[in-house]
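Here are my notes on the model you sent over. Have the coordinates open while you read.

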Amino acid sequence: MSSKRLIFLGPPGAGKGTQAKFLSEEANIPHISTGDILRTAIDTGTPLGQKAQSYVDAGELVPNDLILDLISERLQKPDAQLGWILDGFPRNLKQAQFLDEILKDLNQHSVCILNLEVPEEELVSRLLKRHRQDDNEVTIRHRLEVYHEETEPLIDFYSDRTVHSVNGNRPLQEVTAALKEIVEAS
Ligand code: ADP
C-alpha cells in the first residue's frame, strides 16, 4: 500500500473497524480506534473510562476534550510516524479541524479519506447481531442520528480533498479488495 495515512468515515456498523484491522495488518501500521481506546479505558476503570462511560452507554459522542489530547499524543508516538489508520476519529467538525492542525504540525500532509456506505436498515441489523454493551436498538438508532448530524457533514468538510466512497454492503473480502485498490492508487 503506498498511502499510509488513512481516515475511515462512515456510519456505525459500516465495517470500519473490521476493514481497518485488515489494512493495518497488511500495511503494518497502527489501527487507531477511538471506540476501542474508550472501551479499554472503561473496562479498566481509568479516569478517562470513568468520564466516558455514560456517553458511550447512551450512544452520545464523548466530549471533545476527552478525545483531542488523546489523539494528539497517539499520533506523536514513534509507531505512528510511518503511517496509521484512524477509525472513529474524526467524528465531528471540531475533531476534523483539530486533526488538520496536528497533521500540519507533524508535517504529514497527505491522507487518504475512505467512506464506507451501507444502507441504514443493514446497519441496524448488523449492530443488533454484534451484542456489544452499547448495541441495543435505542442506542443504535441514537448513534445513527448522531452520525447523520455530526459525522456525515465531514464528507463536505473534506470536499476540497478526495473522499473515496466505497460500497460496504457486500462480502467482506470484496470490500477489502476495493479499499486496497483505492489505497494503492492514492
Ligand atoms: P460505532 O462506530 O459502532 O458507534 P465506535 O467503537 O467507533 O463504534 O464508538 C463507540 C462509542 O465511543 C461512540 O458511540 C462514542 O460514544 C464513543 N466515541 C468513539 N469515538 C469517538 C470520538 N471520536 N468522539 C467522541 N466519541 C467517540
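1. Ground rules. This is a predicted model, so local features need pLDDT of at least 70 and side-chain atom pairs count only at pLDDT 80 or more, while totals for chains, interfaces and linings use all residues. Numbering runs from 1 along each chain as its sequence is written, and side-chain values use heavy atoms, with hydrogens and water left out.

2. Helix α1 against helix α9. Helices here are DSSP runs of H or I with at least four residues, strands are E runs of at least two, and both are numbered from the N terminus. The axes of α1 (residues 16-27) and α9 (residues 172-185) come within 10 Å, crossing at roughly 55°. Axes are lines fitted to C-alpha atoms, for helices over the stretch in contact, with angles from 0 to 180 degrees between N-to-C directions. The crossing is right-handed, a label used when the near helix is turned clockwise from the far one by less than a right angle, with anticlockwise being left-handed.

3. Who touches whom there? On the α1 side, T18, Q19, F22, L23 and E26 meet L172, V175, T176, L179 and K180 of α9 (contact means heavy atoms within 4.5 Å). By class, the α1 contact with α9 has five nonpolar, three polar and two charged residues. For the classes, Ala, Val, Leu, Ile, Met, Phe, Trp, Tyr, Cys and Pro are nonpolar, Asp, Glu, Lys and Arg are charged, and the others, Gly among them, are polar.

4. Helix α6 against helix α7. The axes of α6 (residues 120-130) and α7 (residues 137-151) come within 10 Å and cross at roughly 135°, so α6 is oblique to α7. This crossing is right-handed. From α6 come E120, E121, L123, V124, L127, L128 and R130, and from α7 come E137, I140, R141, R143, L144 and H148. The tally for α6 with α7 is six nonpolar, one polar and six charged residues.

5. Most residues other than glycine have a negative phi, and most peptide bonds are trans. N28 has a positive phi of about 60° without being a glycine; N28 sits in the loop between α1 and β2 (31-33) and is exposed at 70% relative accessible area. N107 also has a positive phi of about 60° and is not a glycine. Its loop runs between α5 and β4 (112-117), and N107 is exposed at 59%. Buried means under 20% relative accessible area, exposed over 50%, and partly exposed in between (1.4 Å probe, protein chains only).

6. F89 and P90 are joined by a cis peptide bond, with omega about 0°, and P90 lies in the loop between β3 (84-87) and α5 (93-105). Which residues does Q95 contact, leaving aside its neighbours within four places in sequence? They are N64, I67, L68, F89 and P90. Q95 itself belongs to α5 and is buried, at 3%.

7. Rings. The count is one aromatic pair: F157 with Y158, edge-to-face, at 5.0 Å centre to centre and 75° between the planes. Rings of Phe, Tyr and Trp (its six-membered ring) pair if their centres lie within 6.5 Å; planes under 30 degrees apart are stacked, over 60 edge-to-face, the rest tilted. F157 is partly exposed at 22%, whereas Y158 is buried at 0%.

Conventions
Parallel < 35°, antiparallel > 145°, perpendicular 65-115°, else oblique.
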